[in-house]
Amino acid sequence: MNWSSYLPPSPPARDDLVWDVVEQHFDEAEFLTQWLQDTFEDPDYDAKECAAGPEARLFAHIEGLVLAGEACAQEMLRPALDPGAEPTRITAAALALLEHPMAAHGDLVFEAATPELARPIACALSWARRPDLDAWLQTRLGRAEPPAWPALLHACATRGLDPGPRLAEAFRSSEAETFAAALAAARWAPTRDYVHILDTLAGGESDLAVPALLGGLAVASRGAWQTAQRRAQRGDAAGLWALAAFGDPRARDWLCERLPDEAMREHVVFALGFSGRAQDVDALMPWLADEAVAKLAGEAVANIVGITTAQDEFWLESKAPEPPPPGDEELTPLEDDLAKPIDDPLASLLTPDAEVFARWWKDNRSRFAAGVRYLQGRSLEPGVALEQLHRGTSMRRRHWVALELAGRTRGQMACPTRLLPSLQIARLSAMPRVGGIDMQRAFGQWV
Amino acid sequence: MGTGVHIVSIGARASVGHRAHNVAAAARSGINRFIEHPFMVDRYGDPIRVGMDVALPPEQFGVDRMLTLADTALAEAVAPIRAELAQASLVVALPEPRPGFDAQTARRFIELLQRLPAAAGIDSKRVSWFTSGHAGGLFALAGAVEELRSGRSQICIVGGVDSYLHPDTLEWLDETGQLHNLKDSRSSFIPGEGAAFCVLALRRVIASTRLPLPVEILGTGTANEPNRIKTETICIGEGLSKAVRDATSVLELPAQKVGTTYCDMNGERYRNEEFMFSALRNYGAFVDTNRFEAPADSWGDIGAASGPMLASLATTSALRGWAPHPYVVLWTSSEGGLRSAATLGLTIGGAPRGRA
């Protein structure tokens with residue numbers, strides 16, 4: 001007997017609820033939805049930390065909403081599926097309705113997948129944990145009217161789910177949102193029927209070019225690879241990353257030589273962190289002291305050699321004296337605090353102590369074989385990449401590690417990195433290992 | 001291993017919820033409901049912070065207030081077994097005698113409790129109570145296990161009810177320095193209120209109800225602490241250590257280590273230190289003795305309701321599949337020296353019980 005959807009025999013009636021507690025569950029769920037969304041680009045979290053932190057907290061409140069029963073669903077959650085509500089509130093409400101054992105509430109979420117609510121509903125469908133959600137989503141997509149396609153296709157894309165025959169129709173749509181959603185979902189189709197669309201779009205200049213390029217690389221499209229090389233020449237971030245991940249030694253050397261180019265530097269530094277060779281670390285070392293890119297360079301070098309942010313001696317912030325705690329009179333008023341934009345996740349990157357890095361590198365360089373790619377101090381191979389997707393590599397970097405692994409295995413070891421972290425971890429644990437994959441080789445040598 | 005006694009159903013009411021599952025969901029997600037009492041002030045003239053059930057009128061206190069709390073929780077607990085109530089016994093843990101609550105109050109409470117619709121069908125000769133405070137509920141649970149195993153009862157309902165929100169009680173806490181305030185309290189707690197009931201039975205007796213039985217009581221332990229709080233003696237956790245040791249002695253270690261502990265620690269320094277000694281003495285039975293839940297963070301100190309409330313939290317965690325480990329310890333400590341503990345085996349979300 002599976003009790004995971006067990007509800008008490010006498011669910012609470014309206015008057016049984018402590019409504020301000022239920023409202024707090026909702027408010028906190030809304031806040032944590034935003035937080036969880038932000039952590040997908042956060043350099044401070046890895047997948048396990050994210051699952052145990054914001055995700056677990058979010059779902060504790062979602063559980064509070066589910067257990068508040070029918071009255072909560074009718075009076076609080078269903079009315080929140082409204083275009084006038086905050087997107088994060090819509091997502092939180094939809095999540096709670098999807099987790100509710102009464103299918104009618106979940107059906108309502110699918111019905112709310114209109115163009116106005118497409119993004120928050122797609123987010124909820126992407127994060128819902130109920131085991132039957134994948135099948136439910138595919139069935140509903142098969143029956144859905146065109147206005148619902150963008151949300152449902154985006155949810156398929158985030159869940160790494162085959163969108164089925166609806167994909168072909170969506171690609172024929174004249175609606176930009178539908179087309180973009182189809183593009184995002186295409187890499188998860190079991191056939192290569194859509195690769196030519198990805199290639200064509202990647203070669204263009206529209207807003208869809210980069211998503212198409214990355215989708216193509218994820219399924220090891222030659223066309224996408226050729227486009228990536230062209231884009232790299234003009235300093236495009238995705239192209240430069242592709243060169244670092246899939247290029248040959250000459251391409252990697254070319255990347256190192258681009259570092260003096262100020263216009264390209266930021267993207268090149270980021271990309272070299274994925275190239276992973278000792279030569280790349282050599283090239284990056286001078287930039288650890290450069291104010292503009294020091295944090296990025298520190299992150300890149302640390303990612304290659306396996307220095308962690310917990311190793312205080314490497315980071316200047318750890319050595320700075322603690323500022324005194326503010327007195328009550330100095331506290332920012334709550335309203336002012338709430339009015340501030342959410343911090344750029346990159347702001348939480350640490351600043352490397354260039355001298356300490358340099359000393360360490362001098363002492364340890366001999367451990368790193370020339371020409372070999374490393375990830376977190378270990379020679380890069382599928383097992384290491386898989387392990388790092390579980391734990392170690394930050395949320396912001398693991399999208400790229402996963403993308404390379406997917407490309408090199410032609411989609412067989414593909415992890416949807418915007419899926420709920422706990423679900424990602426479960427998928428990674430069950431992921432079949434593909435033999436004969438050499439992550440040291442360049443694109444032309446393995447496709 | 002185990003007693004064969006299962007928790008069949010639960011009911012609970014506290015400041016954060018009026019149903020067991022809602023209470024558990026709020027505690028799990030860290031929600032609290034501490035408010036300033038509408039009219040009671042402490043010795044500094046500041047409003048007293050309390051874990052008050054705001055659905056009840058603030059001017060209501062004593063037996064009336066406790067009855068309302070008990071009615072909700074008992075009704076919820078017995079709803080699934082109402083047809084079986086004639087063969088059930090009921091034991092209720094009540095506060096230790098203190099200003100605002102004495103033996104006469106206890107008798108009157110029990111008398112009126114039996115007249116509640118929720119208690120209809122329970123044979124008055126099978127109703128008992130004792131005024132042992134925090135540890136009373138788990139002490140009653142240990143007694144119920146024996147009662148059921150011996151066949152003297154087919155079903156036992158174990159509950160606890162308490163409300164510190166009585167003017168005399170609050171003033172007394174203020175005088176003894178146990179009342180939390182923002183000025184000078186260093187070893188104090190936030191007074192709360194609540195009620196919880198657990199229906200217990202042997203699996204074979206209750207099988208026909210087809211209710212999920214996610215929690216088995218594996219072991220219990222009770223002891224007396226000679227070095228009590230508010231005395232000149234120094235507590236080194238002897239009583240609690242023994243209660244926990246006895247409760248966990250049934251576990252096959254190291255395979256069945258305890259992963260989660262629910263306790264009634266309330267912020268008083270004495271209680272923290274007592275726990276520390278017990279943790280040091282019993283560490284071998286635990287995955288991590290520091291991994292504990294003290295839900296007084298959510299609703300304050302709920303005194304005699306603590307034990308059944310903790311059992312209710314563990315039961316909900318198993319039913320809803322969020323319990324992180326299959327082996328759980330509950331423990332509680334009374335001012336009078338009674339210490340009681342119970343080890344529960346959880347079948348989480350219907351999955352077979354495995355290793356901790």
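**Close-up views of a predicted two-chain model**

View 1. Helix α1 of chain B spans residues 20-28, and because eight of its nine residues are buried, it is largely enclosed by the rest of the structure. Those buried residues are B:Ala20, B:His21, B:Asn22, B:Val23, B:Ala24, B:Ala25, B:Ala26 and B:Ala27. Just after the helix, B:Gly30 takes a positive phi of about 80 degrees.

**View 2. The largest pocket and the residues that line it.** The space in the largest pocket amounts to about 1,600 Å³. Its lining consists of 47 residues, of which A:Glu41, A:Leu214, A:His399, A:Thr417 and A:Arg418 are the closest to the centre of the pocket. Helix α6 of chain A (residues 118-127) supplies the largest share of this lining, namely seven residues. Sorted by class, the lining comprises 28 nonpolar, 11 polar and eight charged residues.

**View 3. The second largest cavity, in a setting drawn from chain A.** Of cavities of 30 Å³ or more, the structure holds six, and the second largest cavity has a volume of about 80 Å³. The residues lining this second largest cavity are A:Gly273, A:Phe274, A:Arg373, A:Tyr374, A:Leu375, A:Leu380, A:Val401, A:Glu404 and A:Met439. Two or more residues of the lining come from each of α16 (262-275), β1 (374-375) and α23 (395-408) of chain A. By class, six of the lining residues are nonpolar, one is polar and two are charged.

**View 4. A:Leu81 within the largest nonpolar core.** In soluble globular proteins, nonpolar side chains tend to be buried together. The largest nonpolar core of this model has 152 residues, and A:Leu81 and A:Ile121 are those with the most contacts inside it. When neighbours within four places in sequence are left aside, A:Leu81 is in contact with A:Ile90, A:Ala93, A:Ala94, A:Leu97, A:Leu108, A:Val109, A:Ala112, A:Leu117 and A:Ile121. Another core, of 49 residues, lies apart from the largest one, and B:Ala12, B:Val91, B:Trp299 and B:Ala342 are among its members.

**View 5. The buried residue A:Asp280 in helix α17 of chain A.** A:Asp280 is placed in helix α17, which covers residues 278-284 of chain A. Its relative accessibility is 0%, so A:Asp280 counts as buried, the cut-off being under 20%. Residues up to four places away in sequence not being counted, A:Asp280 touches A:Arg252, A:Cys256, A:Leu272, A:Ser275 and A:Ile304. A:Ile304 is 24 residues from A:Asp280 along the chain, and the C-alpha atoms of the two are separated by 9.0 Å. The side chain of A:Asp280 also reaches the backbone nitrogen of A:Gly276, at 3.4 Å.

**View 6. A:Ala354 in helix α21 of chain A.** Helix α21 of chain A, residues 354-364, contains A:Ala354, which counts as partly exposed at 22% relative accessibility. Not counting residues up to four places away in sequence, A:Ala354 touches A:Leu288 and A:Ala289. Between A:Ala354 and A:Ala297, which are 57 residues apart in sequence, the C-alpha to C-alpha distance is 9.9 Å.

**View 7. Backbone geometry at A:Arg410, B:Arg210 and B:Pro254.** Most residues other than glycine have a negative phi, and most peptide bonds are trans. A:Arg410, although not a glycine, has a positive phi of about 50 degrees; this arginine sits in the loop between α23 and α24 (421-430) of chain A and is partly exposed, with a relative accessible area of 43%. B:Arg210, likewise not a glycine, has a positive phi of about 55 degrees; B:Arg210 belongs to the loop between α6 (203-206) and β8 (215-224) of chain B and is exposed, with a relative accessible area of 73%. The peptide bond joining B:Leu253 and B:Pro254 is cis, with an omega of about 5 degrees, and B:Pro254 lies in the loop between α7 (238-248) and β9 (260-263) of chain B.

**View 8. The polar contact between B:His325 and B:Arg291.** B:His325 is found in the loop that runs between α10 (306-319) and β11 (327-333) of chain B. With a relative accessibility of 15%, B:His325 counts as buried. The side chains of B:His325 and B:Arg291 are joined by a polar contact of 2.8 Å.

Terms used
Residues are numbered from 1 along each chain as its sequence is written. Chains are lettered from A and ligands numbered from 1 in the order in which they are written. This is a predicted model: local features need pLDDT of at least 70, side-chain atom pairs count only at pLDDT 80 or more; totals for chains, interfaces and linings use all residues. Side-chain values use heavy atoms; hydrogens and water are left out. Helices (H or I, at least four residues) and strands (E, at least two) are DSSP runs, numbered from the N terminus. Buried means under 20% relative accessible area, exposed over 50%, partly exposed in between (1.4 Å probe, protein chains only). A polar contact is a pair of N or O atoms within 3.5 Å; within protein, one must be able to donate a hydrogen and the other to accept it, and residues adjacent in sequence count only if both atoms are side-chain atoms. On a 1 Å grid over the protein atoms alone, a cavity is a set of points where a 1.4 Å probe fits but cannot get out, and a pocket is an open set with protein on both sides within 12 Å along at least five of seven lines; lining residues have an atom within 4 Å of a point. Grid points are joined across faces, edges and corners, and a volume is the space filled by probe spheres set on the points. Ala, Val, Leu, Ile, Met, Phe, Trp, Tyr, Cys and Pro count as nonpolar, Asp, Glu, Lys and Arg as charged, and the others, Gly among them, as polar. A nonpolar core is a set of buried Ala, Val, Leu, Ile, Met, Phe, Trp, Tyr and Cys residues joined through side-chain atoms within 4.5 Å. Contact means heavy atoms within 4.5 Å.
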